[in-house]
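Hello,

Here is the structure I promised to hand over. Please open it first, then read my notes below.

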Amino acid sequence: MTSVNLGSWVQSYSIFNQASRSKSFPLPRSLPFNPLKNLSSSTPKKRNFASLPLISAILTKEDTVKEEEQEPPKPSFDFKSYMVQKATTVNQALESAVSLRDPVKIHEAMRYSLLAGGKRVRPALCLAACELVGGKESMAMPAACAVEMIHTMSLIHDDLPCMDNDDLRRGKPTNHKVFGEDIAVLAGDALLAFSFEHIAVSTVGVAPNRIVRAIGELAKSIGTEGLVAGQVVDINSEGLTDVGLDHLEFIHLHKTAALLEAAVVLGAILGGGCDEDVEKLRKFARYIGLLFQVVDDILDVTMSSKELGKTAGKDLVADKATYPKLLGIEKSREFAEKLKSDALEMLQGFDPEKAAPLVALANYIAYRQN
């Protein structure tokens, strides 16, 4: 990785200006926690969260036990199996939660997009955070499903002609192409409303005050302090020639990162995490949330529509500000690498075995191909 002059292309960075987002949403002005300021030609220090040194590596020659008497090393974390297992469990929960019932058409539209596949990254983050702080998967499953319902709502609405006007999502025709714009809008609305009902009614084994706190976090993440704020600024920025990195960061910390942050924070709250752990995981989530968008921007200009399962190059056509547009591909990749490194730093101090899923998810987000 080559050394870069950061002053020429990154003026500031705002993830840690405050533990919670400002209600007035000013665009960041003083952003001291630049994750790129220490970027250099040296190789980033690798961290191993999955295992400890074998005993034979630290014993003296006299103390070394025979190889056949040593316990075999623990296998490394199997991320693929973990994600398949979590996705299967989440899909079963979603299938059960949003069953096909009257009125049939609206439930068909809801299920069409909700059960269309997808990597289930947000639910997996929610469940992993819950288990990291000592909770059980069942405690966070309704919240994990709720986050996925809201994510699906945002995709349905994002694809509408009045927004991004997209024809393809997850390799299939978009919701409004199949059911019409009117039903697509209502399907998104129904998923949004039901997500909160589902957390409130279906969460078991969790203290009521934690459920209320989780609902408040989720609501804030998608309103004018979260997803909606990012979407509005994004729409108003199309065609502008003076969009800088701080402006772009504001968009993506709210439009993309806010819901990823909510997924992690909800899991930590419902799992019984202390305030310190919740805030460490909030910071972790903001890093990977912005990382997710940086990688998304890179893939949009380097992959085909077939590879992505959605329309490629649409940001370029819409003349949107993206990280590759402002930084170039290589510096965008450097930025992504630094965000990943800083995210993993937030997991220091947690049990390495329990942190393994979040470590793997951060790596997956950094290196995904679609």
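A network of salt bridges links E217, E261, E279, R282 and R286. Keep in mind that this is a predicted model. In total, the structure holds 17 salt bridges.

Start with R286. This residue pairs with E261, and their closest N and O atoms are 2.9 Å apart. The pair links distant parts of the chain. R286 sits in helix α11 (residues 275–302), while E261 sits in helix α10 (residues 257–270). The two residues are 25 apart in the chain. R286 and E261 are each buried.

Next comes R282, also a member of the network. The side chain of R282 meets that of E279 in a salt bridge, at 2.9 Å from N to O. Is R282 buried or exposed? R282 has a relative accessibility of 6%, so it counts as buried. E279 has 24%, so it counts as partly exposed. The cut-off for buried is under 20%.

One more pair is worth a look. R368 forms a salt bridge with D296, with 3.1 Å between the closest N and O atoms. This pair, too, links distant parts of the chain. D296 belongs to helix α11, and R368 to the segment after α16 (352–367). They are 72 residues apart. R368 is buried, and so is D296.

Now to the helix packing. How do α6 and α7 pack? Helix α6 covers residues 181–202, and helix α7 covers residues 208–222. Their axes are 10 Å apart, at an angle of about 165 degrees. Angles over 145 degrees count as roughly antiparallel, so α6 is roughly antiparallel to α7. The crossing of the two helices is right-handed.

Which residues make this contact? From α6 come L192, F196, I199 and A200. From α7 come I211, I215, L218, A219 and I222. By type, the contact of α6 with α7 has 9 nonpolar residues, no polar ones and no charged ones.

Last, look at S237. This serine is found in helix α8 (residues 227–237). Its relative accessible area is 5%, so S237 is buried. What does S237 touch, leaving aside its neighbours within four places in sequence? S237 is in contact with V243, H247 and I251.

Best wishes

Terms used. Residues numbered from 1 in each chain as written. Predicted model: local features only at pLDDT ≥ 70, side-chain atom pairs only at ≥ 80, totals over all residues. Heavy atoms only, no water. Axes fitted to C-alpha atoms, helices over the stretch in contact; angles between N-to-C directions. Helix = DSSP H or I, 4+ residues; strand = E, 2+ residues; numbered from the N terminus. Parallel < 35°, antiparallel > 145°, perpendicular 65-115°, else oblique. Left-handed = near helix turned anticlockwise from the far one by under 90°. Contact = heavy atoms within 4.5 Å. Nonpolar A, V, L, I, M, F, W, Y, C, P; charged D, E, K, R; others polar. Buried < 20%, exposed > 50% of the residue type's maximum accessible area, 1.4 Å probe, protein only. Salt bridge = Lys/Arg side-chain N within 4 Å of Asp/Glu carboxyl O.
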